[in-house]
Amino acid sequence: MIQIVPRTGENPFPANGISRDEHGIAHYDDLPSSLIALLRGHAEATPGAEAVVEIGGARLTYRDLFDQAARVAGGLRAGGLEAGDRVALRYPAGVSWVVAFWGTVLAGGVPVAVNTRLTAPEVEFVLGDAGVSVDLDATTPLPDGPPFVGDAGPDDLAALFYTSGTTGRPKGVPTTHHAFLSNAENMIRCMGIGRDAGAAMRTLISVPLFHVTGCNSQLLVAAYVGGTAVIMPTLDLGQLAEVVGGERISFLVTVPAVYALLLRNSSLVGADLSAVRWVGYGGAPIATSLVRKLQEAFPRARVFNGYGMTETASLLTVLPHEDAAEHADSVGYAVPVVDLAIDPLDGPDHGELLARGPNVTAGYWNRPDATADTITDGWLHTGDIVRVDAAGRIAIVDRAKDIINRGGENVSSVEVEDVLSDAPGVAEVAVIGVPDEVMGEKVGAVLVGDGLDVDKIIAHASTRLADFKLPPYVTIVDGPLPRTAAGKLRKDQLRHDTVWGPPLR
């Protein structure tokens, strides 16, 4: 029987203006009715405010964005698009992607965010699975026609995002207008951003827009408060610090590995970081030492960890600035309208994490079997094994599929990664099981870093890990480690590609 994770008095996030429906799902009481209403409101109230900037490209105000998107909508409708038809977005990250997204929404269509790194057969699968009517690939001009602005309700389908597909075919995740807007409200409450932030909210998007972090928790959060989305089409660490200063960026989000590399980059020395107010990370474990370095590098910023999934329109939990260093192994507390539960493994505070809320998808696109396997009585089974502390903070122990069974002893790969990532010189680490005839599996570690001394790293780890958790197999690679568009480690690829030498012991 599942165990509900109670909201303790230590949960720091505002929970006012929330009510529950007949199914027990929490909802914010005063969200905009749709993404269309949101964008129209900014175009009318603050038409000259900057909405989107592409580094090296165009800059659009809210009036520009609305007008251009309306012409795209008109072009799509003139071409025969009907409400609910799917439109594939395959432009690179930039203004064209953003205008196409909003144009499709204004037309009543459903944007399908396609991973631009997929191979041709993988793209064909997504296009076919989604039943795409219009394919806007990188060579296709933006549709153009007489301005058209449709209407939408909160429960209407607003977009399809696809899971990373590391364990099989990617699955389409329907996301409603209400889910997008609920995630945006979660973000601003948990980060302490006012709905009227406006020009003070300038987010630098250096992650893909076809992923929920870049789109849902940056692009749409900026739009939610009338702020600016500044897009780097390609991540350039040497340019990033200059852009942060020149564009007066206030909000940064990326994976820990990118921050580790950025802090080592000479371009950061003397850079103007004074406008930065929020520094977010997620998608991988982070060392306490790196959190403290981020706090030192961005002294005026609130640093926070965020955890979520494609299926949840991004955020489920946030670890606030006050806990960021002291509880670096945690992903924090439930966001205001999300309920969490545990499917216990060895006690009520340890097991698979379940979630429900207005931002949680009702099911996968045309995949009833996968839906039935993942969603039970409205609860999404995340596949993440967690522990909950007395304050209600969540710590991810492992992915259910990534626990290493060493002769009957369960070893958490995440726990070992946490310890190894804090060893001197280690920039990235992945821990996976290595097949063993006697033990079934043994622990293996793939490391990236400068001048790594394996003996010293193991000695460091031995002070914090039991002997059976120490990796007898260690390999050092040039890096970076393979990751999905979301920044998550491709452990499936590492299992296939890694060549292990003789064991250390």
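I'll start with His178, which lies in helix H5, residues 177–191. Helices here (H or I, at least four residues) and strands (E, at least two) are DSSP runs, numbered from the N terminus. This is a predicted model, where local features need pLDDT of at least 70 and side-chain atom pairs count only at pLDDT 80 or more, while totals for chains, interfaces and linings use all residues. Residues are numbered from 1 along each chain as its sequence is written, and side-chain values use heavy atoms, with hydrogens and water left out.

Is His178 buried or exposed? His178 counts as buried because its relative accessibility is 12%; the cut-off for buried is under 20% relative accessible area, with a 1.4 Å probe and protein chains only. Leaving aside residues up to four places away in sequence, His178 touches His27, Leu31, Pro154 and Pro358, contact being heavy atoms within 4.5 Å.

Next, the cores. A nonpolar core is a set of buried Ala, Val, Leu, Ile, Met, Phe, Trp, Tyr and Cys residues joined through side-chain atoms within 4.5 Å. The largest has 88 residues, and Leu35, Trp97, Val98, Phe101 and Trp102 have the most contacts inside it. Helix H3, residues 95–106, gives the most to this core, with nine residues. Apart from that core lies another, of 33 residues, including Leu204 and Leu294.

Last, the strands. S26 (residues 440–449) and S27 (residues 473–476) pair in the parallel sense over four bridges; pairing requires at least two bridges found by DSSP. Ala445 stands opposite Val474 in S27.

Notes. Buried means under 20% relative accessible area, exposed over 50%, partly exposed in between (1.4 Å probe, protein chains only).
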